[in-house]
Amino acid sequence: EYVDSIYVEAVSTDKIEAAQKEVTQMLVKQHHVTGDPADAFDIRNMSDIKSTMESTMATLTMLLGSIAAISLLVGGIGIMNIMLVSVTERTREIGLRKAIGADNRDIMVQFLIESVLMSFIGGITGVILGVGASAGLKIFAGWAVKVSLSSIFLSTAFSLVVGVVFGLWPAQKAAQLNPIEALRYE
């Protein structure tokens, strides 16, 4: 006796509004609705649902992008702290390298390579975990998940940039050490 839902399809996308008005008029006439038809029944347009989904996805993308940016910042600060501790612990080594002929550029390149390598390994680990989580969602939740190669390359490139940016200050600090003071450091 009660109809829960009725699905109606328009002939084309440009006739959706007209079809929606016709269905509303027909329901008002058949059920003798007085007053506002929105109180008696609800008509949903798939294009409205689509636009709502698109705005929701845009919001989620911004949210995930913000979380990723914060994660990159925290990871970069962690790399910088590790590299600063490394410079402090290896002060004698730096002094010895400078004493036998290494210039500031050599020291800086060494510490930048270490920083970039550390962030690259973290980036590759993140990619592996992300692909694994996507595969898990596909298998266990039945979601249609696709990991694009461009996202893998982009995330790896960002991890390399984080390594350079946050490794620059420790590398400069190591390169500017005075070799005599560095050799005396204990």
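**Core, patch and one threonine**

Mentor: Keep in mind that this is a predicted model. Start with methionine 83, which touches Phe111, Glu114, Ser115, Met118 and Pro170, leaving aside residues up to four places away in sequence.

Trainee: Which residues make up the largest nonpolar core?

Mentor: That core has 11 residues, and Met83 and Phe111 are among them.

Trainee: Now the surface. Which residues form the nonpolar patch there?

Mentor: Leu117, Phe120, Ile121, Ile124, Ile128 and Leu160 form it, with about 500 Å² of accessible area together. Helix α5 (residues 104–141) gives the most, with 5 residues.

Trainee: Where is phenylalanine 120, and why does it count as partly exposed?

Mentor: Phenylalanine 120 sits in helix α5. It counts as partly exposed because its relative accessible area is 32%, and that class runs between the 20% and 50% cut-offs.

Trainee: Switching topic: is threonine 91 buried or exposed?

Mentor: Threonine 91 is buried, because its relative accessibility is 7% and the cut-off for buried is under 20%. This residue belongs to helix α4 (residues 91–99).

Trainee: What does threonine 91 touch?

Mentor: Leaving out residues up to four places away in sequence, threonine 91 touches Leu177, Ala182 and Tyr185. A polar atom of the threonine 91 side chain also lies 2.9 Å from the backbone oxygen of threonine 88.

Notes
Residues numbered from 1 in each chain as written. Predicted model: local features only at pLDDT ≥ 70, side-chain atom pairs only at ≥ 80, totals over all residues. Heavy atoms only, no water. Patch = residues over 30% accessible without salt bridge, like charges linked within 9 Å, V, L, I, M, F, W, Y side chains within 5 Å. Areas by Shrake-Rupley, 256 points an atom, 1.4 Å probe, with all protein chains shown as cover. Salt bridge = Lys/Arg side-chain N within 4 Å of Asp/Glu carboxyl O. Helix = DSSP H or I, 4+ residues; strand = E, 2+ residues; numbered from the N terminus. Buried < 20%, exposed > 50% of the residue type's maximum accessible area, 1.4 Å probe, protein only. Polar contact = N/O pair within 3.5 Å; in protein donor to acceptor, adjacent residues only side chain to side chain. Contact = heavy atoms within 4.5 Å. Core = buried A, V, L, I, M, F, W, Y, C linked by side-chain atoms within 4.5 Å.
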